[in-house]
Amino acid sequence: MKRRLRGCLRPVKMGAMGIAIETEDLRKRFRGVNAVDGVDLSVPEGAIFGFLGPNGAGKTTTIRLLLGLLNPNRGRIAIFGEDLRRNRLRALKSVGVAFETPAHYEHLTGRENLDITRRLLKLDKTEIDQVLSTVELSHVADRHVRKYSLGMRHRLGLARALLGKPKLLIFDEPTNGLDPVGIREMRDFIKTLPVRTGATVFVSSHHLAEIEQMASHVAVIHLGKIVFQGAMDELRGLHAPRLEIGCSDDASASAMLGGGARKVESRNGRLVIELSSAEGAKARAAAINRKLNEAGIDVHHLAIAPWTLEELFLQLVGAKPQFEQE
Amino acid sequence: MLASIQVELIKLKRSKIMLVMLAGPALVALLFFSLQASGANLRAWPLYLFAGLTAWATFMLPLTATIIATLLAQLEHGPKTWAHLLALPVPKWRVFAAKAVVALGLIALMSLLTGALLAFGGWLAGELNPANKLMDPAPFAALAETMMDDDDQMFGGMDVMLMVQQWRLVVAERLAFVYLSSFLLIAVQLWAAFRFRNFLIPMALGVGGGFFAIFAQASQYGLYFPWLMPFNTLGFMPENVEKALAYGLVGGIGMSLLMLVDMSRMQIK
């Protein structure tokens, strides 16, 4: 397992073309504890890159290192090939960011909040209306932010990140605190960004389903270390699918199908067989169905079940999936 | 830099800072207007204005500088906007320098307002009751000169005749000295306000500094105490006035530079 995971870590030579973010052996210590420990990230241009990890895994610390808000104890960061330490201003010119908790000047209007960033970035006034329209906040632009709902504050944060049309958008837990409708809206919005703006999106989250639904690439961080990095399909391909069987006689079926290297387990009233690979899974399912029918065992459920991201994630961070704990 | 300063001014919209700006000078002016109008006649304009400036330099300036520095920092600490500001492609020092420039500008305006409101209060007291009218000593300068011998014309190193003849200039000059010598205490207050998220820390520093300044007046080291420097520029000894001005102004510029270097290295967790 570990060998397969290590194979997925592909440190890229700093300054490589087509890479939005590269980090090399990044480390940050707080009071003797490595919050980020030897992180090598390689975020391809144009991707929606999910940065997944449980709370306290080092996601926010990594993001703050990427933005120059924290100084690493070791390692290097490049944004579109610009070394962050040497050329912070040039590197950050292509970055827009929205933090976990949307922070705005509450006594000012949405428009005034955006005007602050616009002036500092020396942008044209028309940009404010453009980004307000993009996040659908034009109708409340002149309302004080203290009267905004949490969802509106999040969208204002996104609008601020979009000012200056950055090539890289970094979102730290963008759905934090939102209701299910808000989460879906935010997810749908982020999914469209690479097409609408041409930007690369780096989005951190501890919500697996969220990342699964919007990311093209993913890195999983746990205890400050990257435990997986690659395309979403590569992550899913780490484990071959399983065959779930519901039948009239579990004991006989289990005895018939087990044996040799094949492992048959009973979980939640069903038999689960780990397949050796995804190839030929359908043919094998049909063969097993036939074999059980011929033995007089009725099959009422037969499904090829890929590993869910949650199961993969729990495997990667070393926790047991819920069904195994039971 | 201009954009950074403009941005700081936008943030002050609808904030309490304008109230502080008006309240500080108004309270000093009101106190001395009340004294003058209630019959505690200070008689001459220079005496009245110097008394008002002393109250400004000793209590109100350090206190309002503390509040302004704290408010400017809390604008970012409160909503946690430091991370956003410092992640922009703008030099970090510029963010803090713009706030320092705005603080100095606001306190300069407050100093002018203090002078103007003090003068208005003195004039109003005289208008309400002619018995409390303050005297312009300048027309009596020639008479005063004939009544004083050479020794009398210098009082504790201060040129009394200059005070009589050109009192407006002297008061304006001392008002400027009070302001310029407060740079060090403003820089210290800003640094503390930026560094600590808890507003009680810079507030305690400012109030504590002002409190200890009362005792430091009697100490030989009082000249080096930042919260006492504005007061010391109102003294009679030209040498001490110059020292207080130099320590406050040059020290303030030096302290501001150190603050900018330190704050630019600040890490946002």
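Before you start: residues count from 1 along each chain as its sequence is written, and chains are lettered from A in the order in which they are written. Because the model is predicted, local features need pLDDT of at least 70.

**Exercise 1.** Work out in which order the strands of the open four-stranded sheet in chain A run, and which ones are the edge strands.

*Solution.* 
- Step 1: Strands are DSSP runs of E, at least two residues, numbered from the N terminus, and two of them pair if DSSP finds at least two bridges between them.
- Step 2: read off the order, which is S13-S14-S12-S15 in chain A, with antiparallel pairing.
- Step 3: look for strands that pair on one side only; these are S13 (264-267) and S15 (299-305) of chain A.
- Step 4: zoom in on one pair. S13(A) and S14(A) (residues 270-274) are joined by four bridges, and A:Ser266 sits opposite A:Leu271 of S14(A).

**Exercise 2.** Decide how helices H9 (183-195) and H10 (200-216) of chain B are oriented to each other: roughly parallel or roughly antiparallel?

*Solution.* 
- Step 1: find the angle. The helices (DSSP runs of H or I, at least four residues) pack at about 155°, with axes 8 Å apart. Axes are lines fitted to C-alpha atoms over the stretch in contact, and angles run from 0 to 180 degrees between N-to-C directions.
- Step 2: compare with the cut-offs: under 35 degrees is roughly parallel, over 145 roughly antiparallel. So H9(B) and H10(B) are roughly antiparallel.
- Step 3: see who meets whom (contact is heavy atoms within 4.5 Å). Among the residues of H9(B) are B:Val188 and B:Ala192, and H10(B) brings B:Pro202, B:Leu205 and B:Gly206.

Notes: This is a predicted model: local features need pLDDT of at least 70, side-chain atom pairs count only at pLDDT 80 or more; totals for chains, interfaces and linings use all residues. Side-chain values use heavy atoms; hydrogens and water are left out. Angles under 35 degrees count as roughly parallel, over 145 as roughly antiparallel, 65 to 115 as roughly perpendicular and the rest as oblique.
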